Amino acid sequence: MSNPLFKKINIFLKVNEQTIDRYFNANDPAPVYKRQLSQEFEEYIMNYAVSIKRYSSVTFKLNCINESDKEFIDPLVHAIRRHFSLKKTIKEDEFRKFKKRNWWLLIFSLLIVMFFQGVMPLIFNVEHRIHSAFSNALDVFSWVILWKPIEKLIFYWNPFLKEISIFDKLINATIVTVGEKKDLKPEAVEFAA
């Protein structure tokens, strides 16, 4: 049964001239849309990422009080998407290396097992007691050497796929701007990304 609390994840950000610099690395001299996100800001977003599930929809709700604050929306959204695109690319590369390394380890392990199961029994005569002891030891060795690559290839994919999915949801999150006016109720305007 799915928990309705995790179906919609809203990340609230206040966007104005005073707060925009807190979202970025203070030591980065690049233009606003190319700047690195600050560690505190990334931690703030990633705290929400813990609750992102497979069918969750993520929305960034940007609070702009003045009309002039809306000029900071596009660079901030671009920087957030760029940041998490890089993170997703890095995680996909790690996942590719993980799969490649474990497939090669499995192939190498199978070759060793085939060598020991096929060639080594030919060295010892079937009539000696050492043959049965050695055969049992080879069976145990075969299971031990094959266990880790098989375990990793079956059970360890999910953390990689979950992080890639989270980064993908943060990249493709809906952007909603909320403006407050003194006499009117807050208005919600969709921002086309």
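Buried means a relative accessible area under 20%, exposed means over 50%, and partly exposed lies in between, computed with a 1.4 Å probe on protein chains only. The structure is a predicted model, in which local features need pLDDT of at least 70 and side-chain atom pairs count only at pLDDT 80 or more, whereas totals for chains, interfaces and linings use all residues. Residues are numbered from 1 along each chain as its sequence is written, and side-chain values use heavy atoms, with hydrogens and water left out.

**Exercise 1. The chain as a whole**

Task: State how many helices and strands the protein chain has, and what percentage of its residues count as buried.

Solution. 
- Step 1. Helices (H or I, at least four residues) and strands (E, at least two) are DSSP runs, numbered from the N terminus. The protein chain has five helices and four strands.
- Step 2. Read from the N terminus, the order of elements is β-α-β-α-α-α-α-β-β.
- Step 3. Of 193 residues, 33% count as buried.
- Step 4. A contact means heavy atoms within 4.5 Å. Among contacts between residues at least 6 apart in sequence, 75% join residues at least 24 apart.

**Exercise 2. The largest nonpolar core**

Task: Identify the residues with the most contacts inside the largest nonpolar core, and the elements that give two or more residues to this core.

Solution. 
- Step 1. A nonpolar core is a set of buried Ala, Val, Leu, Ile, Met, Phe, Trp, Tyr and Cys residues joined through side-chain atoms within 4.5 Å.
- Step 2. The largest such core holds 29 residues, and L13, F60, L76 and L170 have the most contacts inside it.
- Step 3. Two or more residues come from each of β1 (8–14), α1 (39–49), β2 (57–64), α2 (73–118) and α5 (158–171). The most, six residues, come from α2.
- Step 4. For L76, with neighbours within four places in sequence set aside, the contacts are L13, V15, I20, Y23, F24, F41 and L62.
- Step 5. As background, nonpolar side chains in soluble globular proteins tend to be buried together.

**Exercise 3. Helix α5**

Solution. 

**Exercise 4. Salt bridges**

Task: Find how many salt bridges the whole structure has, and describe the pair of E163 and K91.

Solution. 
- Step 1. A salt bridge is a side-chain nitrogen of Lys or Arg within 4 Å of a carboxyl oxygen of Asp or Glu. A search of the whole structure finds nine.
- Step 2. The side chains of R35 and D21 meet at 3.5 Å, N to O. Both residues lie in the loop between β1 and α1, so the pair ties together parts that are 14 residues apart in sequence. R35 is buried at 10% relative accessible area, whereas D21 is partly exposed at 46%.
- Step 3. In the salt bridge of E163 with K91, the closest N and O atoms are 3.4 Å apart. This pair links distant parts of the chain, with E163 in helix α5 and K91 in helix α2, 72 residues apart. E163 is partly exposed at 33%, and K91 is buried at 12%.
- Step 4. In the salt bridge of R96 with D93, the closest N and O atoms are 3.8 Å apart. Both residues lie in helix α2, three residues apart, about one turn of the helix.
- Step 5. Salt bridges that share partners join K91, E94 and E163 into one network.

**Exercise 5. Aromatic pairs**

Task: Describe the geometry of the pair formed by F98 and F160.

Solution. 
- Step 1. Rings of Phe, Tyr and Trp (its six-membered ring) pair if their centres lie within 6.5 Å; planes under 30 degrees apart count as stacked, over 60 as edge-to-face and the rest as tilted. By this rule there are seven aromatic pairs.
- Step 2. F98 and F160 are 4.9 Å apart centre to centre, with 35° between the planes, and the pair is tilted.
- Step 3. F98 lies in helix α2 and F160 in helix α5, so the pair ties together parts that are 62 residues apart in sequence.
- Step 4. F98 is buried at 6% relative accessible area, and F160 is buried at 16%.
- Step 5. Ring pairs link F95, F98, W157 and F160 into a cluster.
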